[in-house]
Amino acid sequence: MIETFRRQTLFAQACVKDILKPGDSAVDGTVGTGEDTVFLAQCVGPKGKVYGFDIQKAALEEAQENIRKNAVETPIQLICDGHQHMGNYPKLSEDSDIGAVMFNLGYWPDGDQSVTTQADTTLAALKQSVRLIRPGGIVSVIAYSHSAGQDEKEQIDQWVGHLDHHYDTYCFEVKNHNHAPTVYLILKKERP
Ligand SMILES: C[S@@+](CC[C@H](N)C(=O)[O-])C[C@H]1O[C@@H](n2cnc3c(N)ncnc32)[C@H](O)[C@@H]1O
């Protein structure tokens, strides 16, 4: 358990796994190498559905290879577009079974590090995500406080702190390391 706590990606996955059920739908808002995409597919199983967004075609190609290697049977739709446009995709925006949306912000380490998530588009995507998840669903966000991520993290912090009573929001951070990633969890209540 402590190892899970120490690695933010594992911690976010453990929380999401607790919520997702076979047959659910899920969204990976930042596909990158596709680790979370594969993880989400394994959680929802062959009867579920996964949608994944990334603005870099090369990242999606690597993710596709990762999906193939893991012999995933879940239908996965990889979309080369910004997560801020998720509401424009009718299959996704009309899907009432979305149990989780995951974001691992920042840049794709194997690619162009100047292509990084941005505060305004991330917030636009988060606002849509909390609306799209089913009651009892979860949005997880790993935010970084390196120079490009600092403003983004501060804006997310403000926003999650003021979400209305339909949600419970949590923030997990390492108190004595200035630059450790922060995990935000947003849980939609079953009943407001
Ligand atoms: C930290 S990486 C994601 C890591 C990924 N979860 C993995 O397992 O490899 C962040 C990703 O967000 C992507 N990205 C940046 N801005 C985006 C946007 N507006 N919409 C969707 N993806 C975006 C980047 O291209 C990059 O691949």
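Student: What share of the 192 residues in the protein chain is buried?

Tutor: Buried residues account for 47% of the 192 residues. Keep in mind as we go that this is a predicted model. To sort residues, we look at relative accessible area: under 20% is buried and over 50% is exposed.

Student: Which elements does the protein chain have, and how do they run from the N terminus on?

Tutor: Count first, then read the order. The protein chain holds seven helices and seven strands. From the N terminus on, their order is α-α-β-α-β-α-β-α-β-α-β-α-β-β. With a radius of gyration of 15 Å, close to the 16 Å from the globule rule for 192 residues, the protein chain is therefore as compact as a globular protein of that length. Its C-alpha trace spans about 45 × 40 × 35 Å along the principal axes.

Student: Let us turn to one helix. How many residues does α6 have, and what distance does it reach?

Tutor: Compare the end-to-end C-alpha distance with the span expected at 1.5 Å a residue. Helix α6, residues 119-132, has 14 residues and reaches 20 Å, close to the expected 20 Å. Helix α2, residues 8-19, can be read in this way too: 12 residues, reaching 17 Å, close to the expected 16 Å.

Student: Which residues of α6 are buried, and what covers them?

Tutor: The buried ones are Ala119, Thr122, Leu123, Ala125, Leu126, Gln128, Ser129, Val130 and Leu132. Their cover includes the helices α5 (90-93) and α7 (147-161), along with the strands β4 (98-104), β5 (138-143), β6 (167-172) and β7 (182-188).

Student: Now a strand residue. Where is isoleucine 186, and what does it touch?

Tutor: Look for isoleucine 186 in strand β7. It counts as buried because its relative accessibility is 0%. Beyond residues up to four places away in sequence, isoleucine 186 touches Val130, Gly137, Ile138, Val139, Trp159, Val160, Leu163, Tyr167, Asp168 and Thr169. Notice Val130 in that list: this residue is also one of the buried residues of α6. As for distances, isoleucine 186 and alanine 100 are 86 residues apart in sequence and 9.8 Å apart in space, C-alpha to C-alpha.

Student: Does lysine 175 count as buried or exposed?

Tutor: Lysine 175 counts as exposed, because its relative accessibility is 71%. You will find it in the loop between β6 and β7. From lysine 175 to lysine 47 there are 128 residues in sequence and 40 Å in space, C-alpha to C-alpha.

Student: How many positive and negative side chains are there?

Tutor: There are 18 positive and 26 negative side chains, and the centres of the two sets are 6 Å apart. The accessible surface is about 9900 Å², with 49% of it belonging to carbon and sulfur atoms.

Conventions
Residues numbered from 1 in each chain as written. Predicted model: local features only at pLDDT ≥ 70, side-chain atom pairs only at ≥ 80, totals over all residues. Heavy atoms only, no water. Helix = DSSP H or I, 4+ residues; strand = E, 2+ residues; numbered from the N terminus. Expected span 1.5 Å × (residues − 1). Buried < 20%, exposed > 50% of the residue type's maximum accessible area, 1.4 Å probe, protein only. Contact = heavy atoms within 4.5 Å. Rg over C-alpha atoms; globule rule 2.2 N^0.38 Å. Areas by Shrake-Rupley, 256 points an atom, 1.4 Å probe, with all protein chains shown as cover. Lys, Arg positive; Asp, Glu negative; His and termini not counted. Charge placed at Lys NZ, Arg CZ, Asp CG, Glu CD.
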